[in-house]
Amino acid sequence: MLKLCGFAISNYYNKVKLSLLEKGVPFEDEPAYPSQKDEFLAESSMGKVPFLRTDRGILTESQVLTEYIEDAYPEPALFPQDIFERARCRELIQHIELHLELPARRLYGEAFFGGKASDETKQEVEKLLNRGLRSLKHLARFAPYIAGDAFTHADCAAWVHLPLVSQTTKIIYGRDMLEEALPQARAYISMIGERPHAQTVNAARKAAFEARAAAKAAK
């Protein structure tokens with residue numbers, strides 16, 4: 001059986017977990033946390049999560065895991081059959097992760113973990129997010145799903161990443177840049193969140209946050 005290794009606070013872990021649940025693929029959760037220790041690097045060579053244990057070995061990088069899951073378990077399909085539309089889904093995933101989540105990630109330390117980002121970093125990230133959101137406005141369909149009329153892997157990615165962009169910009173800049181650029185995003189995120197498997201992922205994420213807060217308070 002597949003083992004998905006990571007932790008429930010990780011948006012990339014939750015992206016893959018939601019794909020597995022939506023496809024009905026049997027798997028087990030295996031807690032794992034980023035590390036640069038030699039024994040961990042032997043399994044995840046960059047020391048990151050998530051990674052996937054398969055009967056043929058370990059795979060890393062969330063989009064690689066998504067592609068493997070789709071190839072190994074083709075039904076129900078979470079990529080369109082049409083090759084151009086499949087490419088559009090992949091385009092959306094890559095766009096959201098490279099041009100929105102990755103820049104916003106530079107601010108997570110201050111937004112969520114008590115760190116501090118420089119004013120220069122904040123200004124640079126704001127410019128990158130403006131560009132990324134302008135482009136997403138052009139690419140996203142919301143009809144009603146982000147890539148069209150069917151739920152796809154692109155929705156698994158959008159649902160875990162876009163709320164972080166929204167929350168981060170509200171905390172750092174005092175305004176929701178996602179809502180400003182894409183007013184329909186809020187209803188879309190809510191719609192995906194009503195799916196039973198999304199609720200399962202969200203419940204585990206909330207429980208992990210609560211456990212983290214309790215552990216921090218106990219110190």
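Predicted model: local features only at pLDDT ≥ 70, side-chain atom pairs only at ≥ 80, totals over all residues.
A residue counts as buried here when its relative accessible area is under 20%.

Select residues 11-23, which make up helix 1. By the cut-off above, 13 of the 13 residues of helix 1 are buried, so the helix is largely enclosed by the rest of the structure. From its first C-alpha to its last, helix 1 reaches 18 Å, close to the 18 Å expected at 1.5 Å a residue.

Next, look at the two ends of helix 1. Select Ser10 and Tyr12: Ser10 caps the N-terminal end of the helix, with a side-chain oxygen 3.4 Å from the backbone nitrogen of Tyr12. Then move to Gly24, which follows helix 1 and has a positive phi, near 70 degrees.

Four of them form an open sheet in the order 2-1-3-4, with mixed pairing. At the edges are strand 2 (27-31) and strand 4 (57-60), each of which pairs on one side only. From one strand to the next, the twist averages 25 degrees.

Select residues 2-6 for strand 1 and residues 51-54 for strand 3; the two run antiparallel and are joined by three bridges. To see a bridge pair, pick Lys3, whose partner in strand 3 is Arg53. In general, strands of a sheet pair through backbone hydrogen bonds.

Finally, show helix 1 together with the sheet. Helix 1 lies across strand 1 and strand 2, and its direction makes an angle of about 155 degrees with strand 1.

Terms used: Residues numbered from 1 in each chain as written. Heavy atoms only, no water. Pairing = 2+ DSSP bridges. Helix = DSSP H or I, 4+ residues; strand = E, 2+ residues; numbered from the N terminus. Axes fitted to C-alpha atoms, helices over the stretch in contact; angles between N-to-C directions. Contact = heavy atoms within 4.5 Å. Expected span 1.5 Å × (residues − 1). Buried < 20%, exposed > 50% of the residue type's maximum accessible area, 1.4 Å probe, protein only. Polar contact = N/O pair within 3.5 Å; in protein donor to acceptor, adjacent residues only side chain to side chain.
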